[in-house]
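Subject: Handover of the model

Dear colleague,

Here is the structure that I promised to pass on to you, together with some notes on what came out of it. Please have it open beside this message as you read.

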Amino acid sequence: MYGDPRRFDDLMGLALVEAAAAPATGDVPVGAVVVDADGAVVGAGRNAREATGDPTAHAEVLALRAAAETLGRWRLDGCTLVVTLEPCAMCAGAIVLARVPRVVLGAWDPKAGATGSVWDVVRDPRSVHRVEVVGGVREDECGDLLRDFFENQR
């Protein structure tokens, strides 16, 4: 394990900036960044399903695509994905297939989370690759952003 999750606070701040921009297009405020082994941002994304009409336009998938383009390869070994909400099953599958070794998440998703809450796709022993999960980084801020969004939808 990588010790104190607070070491990822600044990176989660970048993901929160992405998340905060998503509601402008009617999208749920989830943001993600991918950093390389040196900590440089190589990809970023925010939910864009409403903006694009693409059901796969989740923050994590868009950040992984951007990182792959930046690095010129689909294997994102050595990278860390930082995301404001626990990834769903689709995103967890993409994380495994991209060989991302670590996911840092803010808020857990007790309804659809797939990195330890409802399912644990990224650490399934039958998987081709296992991922370290660091959870609860700036959890209150990430959760508040989501709660505020959904309260305003009502």
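Is F150 buried, partly exposed or exposed? At 39% relative accessibility, F150 counts as partly exposed, where buried means under 20% relative accessible area, exposed means over 50%, and partly exposed lies in between, with a 1.4 Å probe and protein chains only.

Before the rest, a word on the basis. This is a predicted model, in which local features need pLDDT of at least 70 and side-chain atom pairs count only at pLDDT 80 or more, while totals for chains, interfaces and linings use all residues. Residues are numbered from 1 along each chain as its sequence is written, and side-chain values use heavy atoms, with hydrogens and water left out.

The aromatic pair

The structure holds one aromatic pair. F149 and F150 form this pair, which is edge-to-face, with 5.1 Å from centre to centre and 80° between the planes. Rings of Phe, Tyr and Trp (its six-membered ring) are taken as a pair if their centres lie within 6.5 Å, and planes under 30 degrees apart count as stacked, over 60 as edge-to-face and the rest as tilted.

The nonpolar core

The largest nonpolar core has 38 residues, and those with the most contacts inside it are M12, V34, L81 and I95. Such a core is a set of buried Ala, Val, Leu, Ile, Met, Phe, Trp, Tyr and Cys residues joined through side-chain atoms within 4.5 Å. Among the elements that each supply at least two residues of this core are helix 1 (9-21), strand 1 (31-35), helix 3 (59-71), strand 3 (80-85), helix 4 (89-97) and helix 5 (139-153); helices (H or I, at least four residues) and strands (E, at least two) are DSSP runs, numbered from the N terminus. In general, nonpolar side chains tend to be buried together in soluble globular proteins.

With its neighbours within four places in sequence left aside, V34 is in contact with A40, V41, V42, G43, A63, L64, A67, C79, T80 and L81, contact meaning heavy atoms within 4.5 Å.

Helix 1 and helix 5 pack at an angle of about 5°, and their axes are 11 Å apart. The axes are lines fitted to C-alpha atoms, for helices over the stretch in contact, and the angles run from 0 to 180 degrees between N-to-C directions. These two helices are therefore roughly parallel to each other, since angles under 35 degrees count as roughly parallel, over 145 as roughly antiparallel, 65 to 115 as roughly perpendicular and the rest as oblique. On the helix 1 side the residues are M12, L16, A19 and A20, and they meet E141, C142 and L145 in helix 5. The residues of this contact divide into six nonpolar, no polar and one charged, with Ala, Val, Leu, Ile, Met, Phe, Trp, Tyr, Cys and Pro counted as nonpolar, Asp, Glu, Lys and Arg as charged, and the others, Gly among them, as polar.

In helix 4, the buried residues are C91, A92, G93, I95 and V96, and what covers them includes helix 3, strand 3 and strand 4.

Loops

R99, in the loop between helix 4 and strand 4, has a positive phi of about 65° although it is not a glycine. R138 also has a positive phi, of about 55°, without being a glycine; R138 is found in the loop between strand 5 and helix 5 and, at 28% relative accessibility, counts as partly exposed.

The loop between strand 4 and strand 5 holds T115 and W119. T115 is buried, with a relative accessible area of 0%, and beyond its neighbours within four places in sequence it is in contact with E86, P87, A92, L105, W108, D120, V122, R123 and V133. W119, by contrast, is partly exposed at 46%, and it touches A112, G113 and A114, not counting residues up to four places away in sequence.

P55 lies in the loop between helix 2 (49-52) and helix 3 and is exposed, with a relative accessible area of 60%. Residues up to four places away in sequence aside, P55 touches R49 and M90.

With best wishes
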